[in-house]
Amino acid sequence: QLQLVESGGGLVQPGGSLRLSCAASGFTLEYFNIGWFRQAPGKEREGVSCISSFGTRTNYADSVKGRFTISRDNAKNTVYLQMNSLKPEDTAVYYCARPRAMFGQCVNPIQDSDYDYWGQGTQVTVSS
């Protein structure tokens, strides 16, 4: 059974760091793009970052470029989102997602319509 499970969210002060994990099961992770998205209360879901199958390409939203880093460990079937220099405006529920097709490219803009399978999300709150 295909499953994506996010973890690593929490409460952090501005300027702090968190590392989110997206653990995949039921499929071979390295064959698929994985995207990270976030949704703040009252706002539309926003594409944050993506990594292509085999990790050859990454993309980031302008709002997180230089602060967030996406990576993957195929042996652990897990994708990570390292978030540094966090700001209050990064507060949101963060989701990872996978498209239906294998071997796609991670393109900008990172659009949720390109992804078909979603995790349940993990809450990130940046506040002093």
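This is a predicted model: local features need pLDDT of at least 70, side-chain atom pairs count only at pLDDT 80 or more; totals for chains, interfaces and linings use all residues.
On one side, strand β3, made of residues 18–25, runs antiparallel to β8 and is joined to it by six bridges. Strand β7, residues 68–73, is likewise antiparallel to β8, again with six bridges between them, and here S71 is found opposite Y80. Strands β7 and β8 form a hairpin with four residues between the strands, where N77 takes a positive phi near 50°.

Is S21 buried or exposed? With a relative accessibility of 16%, S21 counts as buried, because the cut-off for that term is under 20%. Leaving aside residues up to four places away in sequence, S21 touches V5, E6, S7 and W36, and also T78, V79 and Y80.

I turn now to the salt bridges, of which there are six by the rule used here. D90 and R38 meet through their side chains in one of them, at 2.9 Å from N to O, and this pair links distant parts of the chain, since D90 sits in the loop between β8 and β9 while R38 belongs to strand β4, residues 34–39, 52 residues apart. D90 counts as buried at 0% relative accessibility, and R38 counts as buried as well, at 6%. The side chain of D90 also meets that of R67 in a salt bridge, with 2.7 Å from N to O; R67 lies in the loop between β6 and β7, 23 residues from D90, and R67 is buried too. Through shared partners, salt bridges join R38, E46, R67 and D90 into one network.

Another salt bridge connects R100 and D116, whose closest N and O atoms are 3.4 Å apart. Both residues lie in the loop between β9 and β10, so the pair ties together parts that are 16 residues apart in sequence. Here R100 counts as exposed at 54% relative accessibility, whereas D116, at 32%, is partly exposed.

That loop also holds M102, which is partly exposed with a relative accessible area of 43%. Together with Y31, F54 and F103, M102 forms a nonpolar patch on the surface, with about 390 Å² of accessible area for the four together.

Key. Residues are numbered from 1 along each chain as its sequence is written. Side-chain values use heavy atoms; hydrogens and water are left out. Two strands pair if DSSP finds at least two bridges between them. Helices (H or I, at least four residues) and strands (E, at least two) are DSSP runs, numbered from the N terminus. Patches are made of residues with over 30% relative accessible area and no salt bridge: like charges are joined within 9 Å, nonpolar side chains (Val, Leu, Ile, Met, Phe, Trp, Tyr) within 5 Å. Accessible areas come from the Shrake-Rupley method with a 1.4 Å probe; for residues, only the protein chains shown count as cover. Buried means under 20% relative accessible area, exposed over 50%, partly exposed in between (1.4 Å probe, protein chains only). Contact means heavy atoms within 4.5 Å.
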